[in-house]
Amino acid sequence: MTPFNVTAINIVWLPILPMIVIAIAAMVVLLAGVRINEEDSEGLGWLTLAALFVAFILTLGIVGQSGVAFAGAISIDSFAAYFELAILIAAMFTVLMSLDYAGEHHIPGAEYYSLLLFSVLGMMLMATAGDLIIIFLGLETMSLSVYVLAGIARRDPKSNEAAIKYFLLGAFSTGFLLYGIALVYGATGTIKLGPIHTVLASGAMGSNRMLLLGIGMLLIGFAFKVAAVPFHMWTPDVYEGAPTPITAFMAVGVKLAAFAGFLRVFLVDLTPMTGEWSSVLWVVAALTMTGGNLMAIAQTNIKRMLAYSSIAHAGYLLVGMTAGAGAGGAILYYLVAYAFTNLGAFAVVIALERLGVPSNKISDYRGLGTRHPLLAGAMAVFLLSLTGVPPMAGFVGKFYLFYAALHQGYVGLVIIAVLNSVISTYYYFSVLVAMYMQEGGVEVSRLSARPALVAAIGLAAIATVVIGAYPQPYIGIASNAFHSASGAEGIHAASLEP
Amino acid sequence: MIPLTYMMSLSAIIFSIGVAGVIIRRNILVMFMSIELMLNAVNLAFISLGSRLGSMDGQVIVFFVMTVAAAEAAVGLGIILSSFRNRETVHADEMTLMRW
């Protein structure tokens, strides 16, 4: 047994400073909540927003650095910074959506915002992980907080049920992920991602059965977290039952973090074993796209429809992962395009809950185009982006992703993906048809939309159009970020750009 | 010394019992216990592999997993309890407010 050598550990505080800020803020918010009336939580929301903003600025300082810290447990690279920034943006949008929502729905503010911050901490840890244990710890810090957030509306039976379903299936999938980590550790003798890649690249492992079983278990664990078919059963129920800002946070933040871990483990460090796992991923990607899109058609509840749509989008992202490291930049760009679009769509759903569609029925969106033209216009932008209509971000994301997959020779999979994209037009456009071409609908209350929510919708709409209309700089950032991760591990995947 | 194969087989058997428990049993508390069984099977695998490889990582991970399992128990029981207050049931088949 090797003696524990303290001096060999390279302790650098700067790269984890954003996470320290988030952790401290989470505890401060929790303690401050003691002195604040449960339903008067707007101040805590602004405090949370400020902490997230400080962390965002500090994270900008990491961009461009590379290396490892804490004996390889933390990777410092633009890949981590890219995901951390995206996660922090998603969290800031979530707070903007929650400011009024939490008070109106009798959600205890201190617990709500501190759990939000703790889950952001877990997500950032996952994005910056350098070994499998940090991935596990980040995943659990994130998941345990989000389980509670899904059920934070304690008196709402739907919220209870969402939390139970999410918790049981999430914990179940964690078991698989952990068993996968154990087997990969047993086969390669290390839990650090860089050394695992070195061992695998040396070809010494061949097709070791313990290793293959371990990779399979890891795949199952991650497939649960990104909601890939056939591990997607929890998604629609949890998305429908959870408070809507939390649904947005799960659809975007959790997915970003899960893909950060998934990409770092599979596309960066298990690349020598690509032949073994890419054919499995091919099937999962095809099933996920088709299953998500077909199920979405039948939905009458907008939150459930967006849940199935998020499954379908995970399928498109898996097409990119099947194509391998060549599609890395495209995946990163797509994730951010998807993030802004979905955050915006859920923000509109929240606004409409206030304006008298608490049931979230798509049929209640009828006539919205004439009654609330701006809100309907914003929703149209997001739906067109989800469909993949130029010049929205969703179009460029899909184009770039499918092009990269095509470039790597996955013609069959790209055909399935494009056909699925056509199917998805049906259910996205049925909402547009309801809003603009049908009369009726309901109008119960006449509350005006609040500034924070309007800001969230507006910013998301602007971002969706801007990064779609001028994608070049963002595609450059995304692909540099991806290659910084592969570069740090000493992998030089040649000619990966389409 | 006990061969690694025995220890890994035991771990695999316990893990399978846990998975089967989650899939077959319908009482949420029993499902939750089965999940804890899965985590303990993984702990066993980590310890055996760690001692076989002569590396400390495997032993240290077990402490992390135990901590996480404890946190998970706290959160899980809390969630189950808050649902029980509203629904008076811990049966998975009665969780049918939302489907399809």
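Predicted model: local features only at pLDDT ≥ 70, side-chain atom pairs only at ≥ 80, totals over all residues.
Helices here are DSSP runs of H or I with at least four residues, strands are runs of E with at least two, and both are numbered from the N terminus. The axes are lines fitted to C-alpha atoms, for helices over the stretch in contact, and angles go from 0 to 180 degrees between N-to-C directions.

Residues are numbered from 1 along each chain as its sequence is written, and chains are lettered from A and ligands numbered from 1 in the order in which they are written.

So who touches whom? On the H3(A) side we have Phe93(A), Leu96(A), Met97(A), Leu99(A) and Asp100(A), and H18(A) brings Ala452(A), Leu453(A), Ala455(A), Ala456(A) and Ala460(A). Contact means C-beta atoms, placed from the backbone, within 7 Å. That splits into nine nonpolar, no polar and one charged. For the classes, Ala, Val, Leu, Ile, Met, Phe, Trp, Tyr, Cys and Pro are nonpolar, Asp, Glu, Lys and Arg are charged, and the others, Gly among them, are polar.

H3(A), residues 78–104, also packs with helix H2 (residues 42–60) of chain A, at about 170° and with axes 9 Å apart. That makes this pair roughly antiparallel too. Among the contact residues are Leu49(A) and Phe53(A) from H2(A), and Leu88(A) and Val95(A) from H3(A). By class, that contact has 12 nonpolar, five polar and two charged residues.

Now, chain B. How many residues of chain A are in contact with chain B? It's 33, and they meet 35 residues of chain B. Helices H5 (132–150), H6 (157–188) and H9 (234–241) of chain A each supply at least two residues to that side, with the largest share, 17 residues, coming from H6(A).

Chain B itself has three helices and zero strands. Its C-alpha trace spans about 50 × 25 × 25 Å along its principal axes. And of its 100 residues, 32% count as buried, meaning 20 or more other C-beta atoms within 10 Å of their own; 12 or fewer is exposed, and in between is partly exposed, with C-beta atoms placed from the backbone.

Note on methods. Parallel < 35°, antiparallel > 145°, perpendicular 65-115°, else oblique. Contact = placed C-beta atoms within 7 Å.
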